Amino acid sequence: MKVSILQFPGTNCEYDTKYAFEKLGAQTQIVWHKATTIPEDTSLLVVAGGFSYGDYLRSGAIAKFSPVMQAVKEYAAKGGKILGICNGFQVLTEAGLLPGALKRNESLHFLSKHHHLKVENNDNVFLTKLAKGDVVNIPIAHHDGNYYIDEAGLAELYANNQVLLKYCDASGAMKNPNGSVDAIAGVCNKEKTVFGLMPHPERAMETLLGSDDGVKMLQGFLEA
Amino acid sequence: MKVIVNVSLKAGVLDSQGKAVHHALNSIHFENVKDVRVGKQIVLNLEESDEAKAKADVTKMCEELLANTVIEDYTIEIVK
């Protein structure tokens, strides 16, 4: 299992992501945004979190034109697996690899805290280690995490089991921190090869740091 | 040629910033303000004399980068 982790100017979660996947036994490599190819033996490509290009214009808007993104699109078209976390999710929606868009949080505040998430669908490699309805405790850290999709798009997400995770409280009841449509925290594409979520599973790998619920999430990829 | 692009959230997409500004204006006694939408203005200086070409180019810029058409609308104004 080889995990390639994209790094743009302003990315800041690439080393946490590297730590997380290495802890699970994967080999990792960080790929600078000027690369024009994805390392050949990549079994999972992670677009890590942070503030690519300072979030100028819109979060993820400028990163989508980085040289490496052409290779990312080709990798996706061939069915390669991609996981976008936080800013990585924003980059993937901007690039058109995932549906919808991330708007400014409804409260206008930057949110940085642990938040519970409920598994909505697990018929995909990402959440295969979890059961539908499971509640996990994962940190969120974002200013633009307010997921938006129009009604037709939302109906399509539900019809294809593309809604992965929703924000909730510890008991699993819906609790919406940022104004996202239907409290959606993560989605995937129709083919279930490209995944995106605002919360940070790579920051939930050690009980000492508040939660290791991220282990079960990221493990799904390793057994795929 | 100067071109002014205005980008704002689509009608129907909740504008939280607009809402906050609206409340702030009401609270400093501008009760006649009924709605506020906050957008952004991008001013481009183009080396181009053909208006139609400029308009076509800027439309492409908006579609590809300046606006996210999933949530935003844009207007283009050419200032000579």
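Analyst: From the N terminus on, chain B runs β-α-β-α-β, where helices (H or I, at least four residues) and strands (E, at least two) are DSSP runs numbered from the N terminus. The model is predicted: local features need pLDDT of at least 70, side-chain atom pairs count only at pLDDT 80 or more, and totals for chains, interfaces and linings use all residues. Residues are numbered from 1 along each chain as its sequence is written, while chains are lettered from A and ligands numbered from 1 in the order in which they are written.

User: Which residues of α2(B) are buried?

Analyst: A residue is buried if 20 or more other C-beta atoms, placed from the backbone, lie within 10 Å of its own, exposed if 12 or fewer, and partly exposed in between. The face turned away from the buried side carries exposed residues, including B:Lys53 and B:Glu64. The buried residues of α2(B) are B:Val58, B:Cys62 and B:Leu66.

User: Why are they on the same side of α2(B)?

Analyst: An α-helix has 3.6 residues a turn, so residues three or four places apart point the same way. The buried residues of α2(B) are B:Val58, B:Cys62 and B:Leu66. They lie on the same side because the arc they cover around the axis, taken from the directions from the helix axis to the C-beta atoms, is only 50°.
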